[in-house]
Every structure is written in structure tokens, then in C-alpha cells.
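Please find below my notes on this model.

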Amino acid sequence: MKNMEKKNHMETSMSPVHPEKMRTAAPLPDTVIGPQIDYLKGYLLEEIKDGLYWVTDGAYQAMFLTTGEGVIAVDAPPSIGENYLKAIAEVTDESITHVIYSHTHNDHVGAMSMFPDDAVYVAHQEVADTLAKRNDPNRPVPIITFEDKYTLEVGSQKLELTYYGPMHEPGNIFIYAPNQKVLMLVDVIFPGWTPFKDLAMAQDVPEFLAAHDKVLEYDFDTYIGGHLTRLGTPDDVQIQKEYFQDIQASAGKANQEVSFMAIGQEVGFSNPWLVFQIYADAITQQCADEVVPKWIDRLGGVDLFTYDHCWKISESQRID
Ligand SMILES: [Zn+2]
């Protein structure tokens, strides 16, 4: 089936994929398997525990809580869109009274404006500042903001929002439901999978790497990462931590072994960018060649994005 799809793409002159860019991927390990989604319906809705639900379309994840006094909704990915409202309506007649931003990125919160105008929007101060600058009607500027910690209690439910600094981006918060032992932190841990390229576009590499231990300090059973096929557990966090420890070790070794001067002497120094490009690529490739075989059966997508993680981490080791 994969081969047939590939062939069809290549025969179509209007294919959106350039033939040379058409790549295949390694078979996925079982670690990526999550609950089956009814693609005609368009989303999956499941109660994790005691009125805390997650909604997913297989690519994005959001969560909401019924409280007896209104619904608290966290994030609103445009890919799920109005199906999020349908999902909420499946389990409650309560109106949506509180809305929380995990961070500012449009792919997770770009449908926030579909919630009622009189809902209370909550976010970290950095998120409010950024959204005020973006001036995007789809992402209303939050009304309640905080710097370090904010506890939201509505009816029977409680959420603890905490900020430890930028990991993915300034204002990205930990959202913890102590009664259900559920922790949501978006774009940091990807249960069963490698993160999206460049540490999922992390803005602060050392803090992103340190985030794994911060997450593991929490007493949680279920992790909501915001992406892909399934929820996570503390084990998934530990596994991703080990993956990045391997990348850090291999990147550090490559940074020591690959010689900028040796490459320059071979290539010539008339174009320093060329020397640097070959130098950085040699380090990145050595790191990826070491790490990929160790992890290809343990996380999905390792063959696709390990190179980018090696680049980001080896560069961070040189500059941060
Ligand atoms: Zn993001």
C-alpha cells in the first residue's frame, strides 16, 4: 500500500511532494499504538478519571473537566475545532466557563475564540503579553494571568497551574489535576514517539532537557502531551529522558572528535560558512548515526527527527 501511494504520487505531475523529497520511514514500533479513532466521527473522547476528559483527532490532544458549575477547557487545537464542542456536549449540558492556555502556539490554541465570550480565559503573563502583540481574534487575550502559580477551583474540580520558565516557549505551563493525578504539559514529552524536529521547536534547549526531571517530580498517573496517538505515563517520560541523554552524550562526543580546523584545511577557508556547514553536518551526522540504531525500536519517528535533535543539542552545547 505504501509503495502504491508512492508510485501514484510520483506519476502525478501536480503532486505536492517533490519526488526527490518523497521519503519512506522505518516501520513504527508498538510504542506508538493508541486507542482507535473513528475517523468518520473525527475525534475520540475518553474520560480519564472523575470528570476529566481528553479529546483527540490522532494528531492533537486537548482536555476538559466537568465541575458541576461549568466546564473548564484546556487548549483548542484548530485540527479538532468544533468537534471539541461536540465532545463536551456528549457528556454535559454545562456551559464552558473557564478556558486555559497551555501556551500561545496557534496549532494548539487557534480555535480558542469558539468558546463563549463570557468565559474566563486564564494563562501565564508571558502568554498574555505575546497574544496582545499577535492581535489574533482566534486567540483572545486572557483575562486572568499569573507569574508563578495559580490554582483554579471550580465546583468539584481543581487545577494547579505552575510556571517554571521557558522550556518549549515563554509562558508554557504545567497543568496538574491533583485529584485525578493527571499532568498536562504540551510540546515537551511525546509518549511513544520522538518529539517533532528540533526538540519540538524548543526555545530553550537546556530548560527543555531539564523539563523531564521537573515532570517526574509530579505525582501523576497520566500525562497529556498535546500530540499524537496516546496518553503517557511516568515511564514514557523516563524513556524520553534516556533518549535525550543518549543524544547529549553522542553530540558531546562528536563535538570533541570532529575538528573544525581539519575540515577547513581540506575545504579551504575562503567561504567560512561552507566550512561551518560541513563541520556542523559532520557532528550532527555522527550523533544521529550512533543514536538512531539504539532507539529505532523504542520510539516512533526516530529515523525522521533524531538528526534534527542532534543538530539542536550539539549546537546548544557549543553556544548555551
Ligand atoms: Zn507549541
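1. In the pair H8 and H9, Phe260, Ile263, Gly264 and Val267 of H8 meet Leu274, Val275, Ile278, Tyr279 and Ala282 of H9. Contact here means C-beta atoms, placed from the backbone, within 7 Å. Helices are DSSP runs (H or I, at least four residues), numbered from the N terminus. The contact residues comprise eight nonpolar, one polar and no charged (nonpolar: Ala, Val, Leu, Ile, Met, Phe, Trp, Tyr, Cys and Pro; charged: Asp, Glu, Lys and Arg; polar: the others, Gly among them).

2. This is a predicted model, in which local features need pLDDT of at least 70 and side-chain atom pairs count only at pLDDT 80 or more, while totals for chains, interfaces and linings use all residues. Residues are numbered from 1 along each chain as its sequence is written.

3. The axes of H8 (residues 260–267) and H9 (residues 272–295) come within 9 Å and cross at roughly 130° (lines fitted to C-alpha atoms over the stretch in contact; angles from 0 to 180 degrees between N-to-C directions). H8 is therefore oblique to H9 (under 35 degrees is roughly parallel, over 145 roughly antiparallel, 65 to 115 roughly perpendicular, the rest oblique).

4. H6 (residues 205–216) packs on H7 (residues 234–257) at about 155°, the axes 10 Å apart. That angle makes H6 roughly antiparallel to H7. Leu209, His212, Val215 and Leu216 of H6 touch Pro234, Val237, Gln240, Lys241 and Phe244 of H7.

5. Mean pLDDT (the predictor's confidence in each residue, from 0 to 100) is 95 for the protein. Over residues 1–11 pLDDT stays under 50. Where pLDDT is low, predicted coordinates should not be read in detail.

Key:
Contact = placed C-beta atoms within 7 Å. Helix = DSSP H or I, 4+ residues; strand = E, 2+ residues; numbered from the N terminus.
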